[in-house]
Amino acid sequence: MTRSAVFAPYEIIEGDRKRGIVLLGDHAKRALPDEYGDLGLPPAEFQRHIAYDIGVEQVTRKLATLLGAPAVLANFSRLLIDPNRGEDDPTLIRQLYDGTVVPGNYPMTPEERERRLDNYYRPYHDAVGAMVSSVARESGKAPFLFSVHSFTPVMQGYVRPWHVGLLWDSDDRAIRPLIELLAEDGTLTVGDNEPYDGALRGDTMFKHAIVNGYAHALIEIRQDLIADDATAEDWAIRLAPIVDAVNARPDIHEVKLFGSRTGPV
């Protein structure tokens, strides 16, 4: 876990906005602002998936370099507030997460909840929105949003069989070719809306892609496959030509409103 006296809620990785791609890392980091200390948790908890998505920062940075594309990373731990949730989601600020009680999140006053939204969550989403708008303007076309996440090999005793999964709601323009291209590697077990369902109202893809009619995909890579710099780089190298091929498809850069399985958009 890192600390900074002046805490920026997001990081921009610059790239060629004319490429029409925006990379996102909602859970890339595990830092906390000084004022929150360690939220009452021991250091070991910040090595776990409850604090961040292991390997995602390294994959996203390398992928941005290989694609020459810009990226936006959230700088704060999901334990502070989860940027990949709607503002009214009950798991926005977790008090219990995968067996761990988070003392610094209980009790949670309405004032403190609003403070975290204003200081961290909303500035991150403002930065994502600004980047998406900038890429649309400079490329002259609807941008393709590609969000990088990772998942634990085992959850609540269940051994997850997938190496990688693609999450989506109703727009499958990017998903189908991504699944097909990944499946060409016969060593990979590829999940379709696994290990989670991609229909999550108010999440990052909903806010910035679905409501705008922009093609998008959320990829989940198993954490043991990207747990160090070398393996994370290998996965970025594997993904770069695949993402590039999907980005080259003309239908990816059209505005199409597919709606959401969660209800009216």
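A salt bridge is a side-chain nitrogen of Lys or Arg within 4 Å of a carboxyl oxygen of Asp or Glu. By this criterion, the structure, a predicted model, holds 26 salt bridges. Side chains of opposite charge can pair when their charged atoms come close.

Glu-57 forms a salt bridge with Arg-61. Their closest N and O atoms are 3.0 Å apart. The two residues are four places apart in helix H1, about one turn of the helix. Arg-61 is partly exposed, at a relative accessible area of 29%.

Helix H2, residues 110-139, holds another pair. Here Glu-112 forms a salt bridge with Arg-115, with the closest N and O atoms 3.7 Å apart. Glu-112 counts as buried because its relative accessibility is 18%, under the 20% limit. Arg-115, at 33%, counts as partly exposed.

Glu-254 is partly exposed, with a relative accessible area of 34%. Lys-256 also counts as partly exposed, at 34% relative accessibility. Elsewhere, salt bridges with shared partners link Glu-11, Lys-29, Glu-57 and Arg-61 into one network.

The nonpolar residues were examined next. In soluble globular proteins, nonpolar side chains tend to be buried together. The largest nonpolar core of this model has 38 residues. Within it, the residues with the most contacts are Leu-23, Phe-144, Phe-146 and Ile-219. H5 gives the most, with eight residues.

Neighbours within four places in sequence are left aside here. Leu-23 is in contact with Thr-60, Leu-63, Ala-64 and Leu-67, among others. Further contacts of Leu-23 include Ala-69, Pro-70, Ala-71 and Val-72. Phe-146 is also in contact with Leu-23. A second, separate core has 37 residues. Among them are Leu-39, Ala-51, Ala-142 and Leu-145.

Note on methods. Residues are numbered from 1 along each chain as its sequence is written. This is a predicted model: local features need pLDDT of at least 70, side-chain atom pairs count only at pLDDT 80 or more; totals for chains, interfaces and linings use all residues. Side-chain values use heavy atoms; hydrogens and water are left out. A nonpolar core is a set of buried Ala, Val, Leu, Ile, Met, Phe, Trp, Tyr and Cys residues joined through side-chain atoms within 4.5 Å. Buried means under 20% relative accessible area, exposed over 50%, partly exposed in between (1.4 Å probe, protein chains only). Contact means heavy atoms within 4.5 Å.
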